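Trainee: I would like to learn how to read contacts and packing in a model. Can we go through one together?

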Amino acid sequence: MKTIAQIAAALQGYDPQALSADQVQDFLSLLVEPVIETETIGIFDALGRVLAQDVVSPISVPPHDNSAMDGFAFDGGQLQAGQPLVLRCRGTAFAGQAWAGDAGAGDCVKIMTGAIMPAGMDTVVPVEFVQIAGDQVTIPADVLCQGDNRRLLGEDLMAGQPALVRGQGLEPAALGLVASLGLATVQVFRRLKVAYFSTGDEILSLGEAPREGAVYDSNRYTVFGLLTKLGVEVIDLGVVKDEPVALETAFRQAAAQADAIITSGGVSMGEADHTKAMMKQLGDVAFWRIAMRPGRPMAVGKITEDGRSAVLFGLPGNPVAVMVTFLAFVRPALLQMMGAQLREPVLLQAHSAEALRKKPGRTEYQRGIVSRGADGTLSVRTTGNQGSGVLRSMVEANGLIVLHHRQGNVAVGDVVDVMMFDSTP
Ligand code: AMP
Ligand code: MG
């Protein structure tokens with residue numbers, strides 16, 4: 001793992017006191033490394049995991065040309081424009097077995113969906129298209145073309161082709177695809193372990209009595225949710241008081257077991273607390289001021305314990321800032337550590353339903369509610385109060401309006417980018 005100084009030297013214009021959101025992402029992509037250990041697991045355990053190896057198809061899917069419809073198979077070369085075609089039915093081809101009979105010109109075979117196409121036949125007429133009289137089947141003129149309603153051998157996958165590639169996340173469709181190849185297991189990267197704790201003397205754990213000046217810990221729960229959705233193993237270290245011994249114990253415990261440590265609180269400028277001091281003492285850590293809103297302060301680096309290093313993400317304390325910095329920076333960095341191929345999140349474009357004040361020179365993430373108007377266009381309005389402590393704004397929103405670094409004020413009707421919460425890959 002590279003040191004903070006090495007990464008800083010490699011980045012043009014690096015100023016820890018004034019980093020842009022893009023520079024933060026560049027820095028983190030140089031700091032983190034993918035896990036190397038892999039394991040082979042069954043498909044039912046593989047949802048959300050990341051493939052460590054290409055999956056090469058051992059078979060062709062489908063393995064034979066087969067019928068896509070219930071109907072009659074025949075040689076489509078006999079079709080002539082403007083002419084009905086009269087055929088004689090010679091038997092039935094059932095799904096899962098080859099039809100053993102003999103048929104030639106002027107013949108057809110009744111066929112079930114999925115049944116192997118009889119030799120010499122390449123077209124299926126659906127049963128609802130034909131007139132049947134005894135063994136005579138009449139296809140009206142101009143209802144189909146040669147090759148219709150036939151699925152070709154290997155049209156889903158050809159034997160020897162990579163069906164899935166290393167770094168791909170295993171979503172439900174991928175699980176089914178693996179099974180369709182006859183494979184029961186996949187090789188995946190081991191699950192990432194991420195330790196989390198909240199810091200601050202004013203933070204109450206659930207079950208504690210309310211007291212003046214104190215707030216209940218919410219970050220621990222939002223971070224738990226964000227991490228769990230990502231598919232990592234979460235190590236919950238609770239709320240840690242702002243005392244050197246407690247902090248040192250928590251950081252050492254976290255670094256000894258986890259690949260990454262996430263904390264919240266205690267990294268703002270001028271905080272007279274021990275969190276930053278302990279990060280400095282135990283690790284190689286940079287303290288940043290990011291040109292963004294919400295979420296200006298952040299500490300990043302690594303903490304080493306027993307010869308193992310864990311990446312540290314010291315997030316600000318405000319509940320919205322925690323979620324925004326997680327989505328903007330921590331999530332892509334963790335995906336990289338999980339071995340996942342990074343896909344840029346798809347930003348949606350929507351017309352702003354309100355004027356938004358925005359200063360160029362920082363990135364703003366406003367909580368937005370995107371809706372589709374009667375004319376089909378997307379519009380977005382904010383959730384109102386954008387204070388970084390207003391967690392309700394994250395609950396009401398369905399995405400973050402991303403006002404980019406150079407962008408200025410937004411007028412009603414202007415198009416803005418939105419990072420949707422459930423379309424982020
Ligand atoms: P800090 O960054 O430590 O100055 O915290 C900024 C604000 O976030 C303060 O108002 C804290 O009370 C609040 N805060 C810090 N940690 C948490 C937490 N775990 N849950 C809820 N609020 C928090
Ligand atoms: Mg604090």
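Trainee: Which residue forms a salt bridge with Arg190, and how far apart are the closest N and O atoms?
Mentor: Side chains of opposite charge can pair when their charged atoms come close. The rule here asks for a side-chain nitrogen of Lys or Arg within 4 Å of a carboxyl oxygen of Asp or Glu. Arg190 pairs with Glu37, with the closest N and O atoms 3.2 Å apart. Arg190 sits in the loop between strand 12 (185-189) and strand 13 (193-199), and Glu37 in the loop between helix 2 (21-31) and strand 1 (38-42), so the pair ties together parts 153 residues apart in sequence. Helices (H or I, at least four residues) and strands (E, at least two) are DSSP runs, numbered from the N terminus.

Trainee: What should I know about the model itself?
Mentor: The model is predicted: local features need pLDDT of at least 70, side-chain atom pairs count only at pLDDT 80 or more, and totals for chains, interfaces and linings use all residues. Residues are numbered from 1 along each chain as its sequence is written, and side-chain values use heavy atoms, leaving out hydrogens and water.

Trainee: How many salt bridges does the rule give?
Mentor: Eleven. Another one joins Arg90 and Asp107, at 3.1 Å between the closest N and O atoms. Arg90 is in strand 5 (residues 85-93) and Asp107 in strand 6 (residues 107-111), 17 residues apart, so this pair too links distant parts of the chain.

Trainee: Is Asp107 buried or exposed?
Mentor: Buried means under 20% relative accessible area, exposed over 50%, partly exposed in between (1.4 Å probe, protein chains only). Asp107 is at 8%, so it is buried. Arg90 has 36% and is therefore partly exposed.

Trainee: Where do Glu396 and Arg392 lie?
Mentor: Both are in helix 8 (residues 392-396), four residues apart, about one turn of the helix. Glu396 is partly exposed because its relative accessibility is 37%.

Trainee: At what angle do helix 4 and helix 7 pack?
Mentor: Two packed helices are described by the angle between their axes and the distance between the axes. Helix 4 and helix 7 (residues 319-337) pack at about 25 degrees, with axes 11 Å apart. Helix 4 is therefore roughly parallel to helix 7, a term for angles under 35 degrees.

Trainee: Which helix holds Tyr221?
Mentor: Helix 4 (residues 219-230). Tyr221 counts as partly exposed because its relative accessibility is 37%.

Notes
Chains are lettered from A and ligands numbered from 1 in the order in which they are written. Axes are lines fitted to C-alpha atoms, for helices over the stretch in contact, and angles run from 0 to 180 degrees between N-to-C directions. Angles under 35 degrees count as roughly parallel, over 145 as roughly antiparallel, 65 to 115 as roughly perpendicular and the rest as oblique.
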